[in-house]
Amino acid sequence: MVSAGSRLAGGKCDAYPSVNTEGWVVLNFMVDASGKPFEVAVTQSTGSKQLESVATRTLERTTFEPGTVNGKPIESTLVMKFKFANGPSTGPQPDFIKAYKLLQEAIKSGDRAAADAALKELTISNPYEDAYFGVATFSYAVKWGTRAEQLAGLKRAIANETVAYYLPAALFRTVLLTCFRLELQDREYAEAITIWKILQKAGLDAKTAASLKPVVDQLEKIRSDNNAYEVTGAISETSWYLLLFKRHFRAVISEGHISEVKLRCDTRFLHFAFDPTLQYEVSSKDGECFLELDGAPGTQFKLIQF
């Protein structure tokens, strides 16, 4: 019997001496058999390097209850979200709401110059505004950007929440549903399954749920069949992340260089130098694995899962 901490744990830091802004940070990390965290990675945030640093330092000083197998402590993986606030938040401020409405009107009318000007006026002061900024950047990318930019905006709007916290419930459901459909197009199947589970709790109407259920069932078939599929990847800074959907994978580089492969799995951490001639297998005993590929910024590749 395997017992380990939840894959999504909530951590909140409402006050910190060196923090003068609001936001949130999501950390993916391993916990060793003694309960100490290691291999901490920032996988999502509102963009403040200061908050990312504070969250990482705070986590590294924390001790957790380790996962166990038949009562014996083991390595295990966790995800934790840190929320930073300077006091009670009251939602988007009037100046932000005004600029947001101007931006959406400019996008709707196809006036890119006006949209760009409105974007510059969207000064973010709290996580509620950051979520709406995600919605705004999604809308902008639908008109003038890429699908990757659309998906990034939606994920920022969701803010790694499982309930409607920063957005109204109806808008939160719409964002989730759109994100689910884009993840299907990008073949981010494990992430799509996660969004589906959140949608079921978010009050998805029966008709929409019934129309999506066959799609989810097909995803589960893909997870266990022997057919291969590929996901397009790009390293923007130093790392690229993906929740693996199948047990075998390999990467084919079209430009750049991948140096290292890291796997944060439910029951252990694996890392090794990347070899483009090899294909890799993850044992079912390892549970779900979060893949990290480290390499040169700008590296382009295809991740093939089979």
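In strand 14, Glu 292 is the bridge partner of Tyr 241. The model you are looking at is predicted, so local features need pLDDT of at least 70 and side-chain atom pairs count only at pLDDT 80 or more, while totals for chains, interfaces and linings use all residues. Residues are numbered from 1 along each chain as its sequence is written, and side-chain values use heavy atoms, with hydrogens and water left out.

**The open sheet**

Strand 9 and strand 14 (residues 289-295) pair in the antiparallel sense over five bridges; two strands pair if DSSP finds at least two bridges between them. Strands (E, at least two residues) and helices (H or I, at least four) are DSSP runs numbered from the N terminus. Along this pairing, Leu 243 stands opposite Phe 290 in strand 14.

Four strands form an open sheet in the order 9-14-11-12, with antiparallel pairing. Strand 9 (239-243) and strand 12 (269-273) each have a single partner strand, so one side of each is left without a neighbour in the sheet. From one strand to the next, the twist averages 15 degrees, where axes are lines fitted to C-alpha atoms and angles run from 0 to 180 degrees between N-to-C directions. Strand 9 is mostly covered, as four of its five residues are buried, meaning under 20% relative accessible area with a 1.4 Å probe and protein chains only.

**A pocket**

His 248 turns up again beside the second largest pocket: with Arg 223, Phe 245, Lys 246 and Arg 247, His 248 lies nearest the centre, among 14 lining residues. A pocket here is an open set of points on a 1 Å grid over the protein atoms alone, where a 1.4 Å probe fits, with protein on both sides within 12 Å along at least five of seven lines; lining residues have an atom within 4 Å of a point. The volume is about 220 Å³, taken as the space filled by probe spheres set on the points.

**A buried loop residue**

Leu 167 lies in the loop between helix 5 (147-158) and helix 6 (169-185). Leu 167 is buried, with a relative accessible area of 5%. Leaving aside neighbours within four places in sequence, the contacts of Leu 167 include Ala 131, Tyr 132, Phe 172 and Val 175, contact meaning heavy atoms within 4.5 Å.

Definitions and conventions:
Buried means under 20% relative accessible area, exposed over 50%, partly exposed in between (1.4 Å probe, protein chains only).
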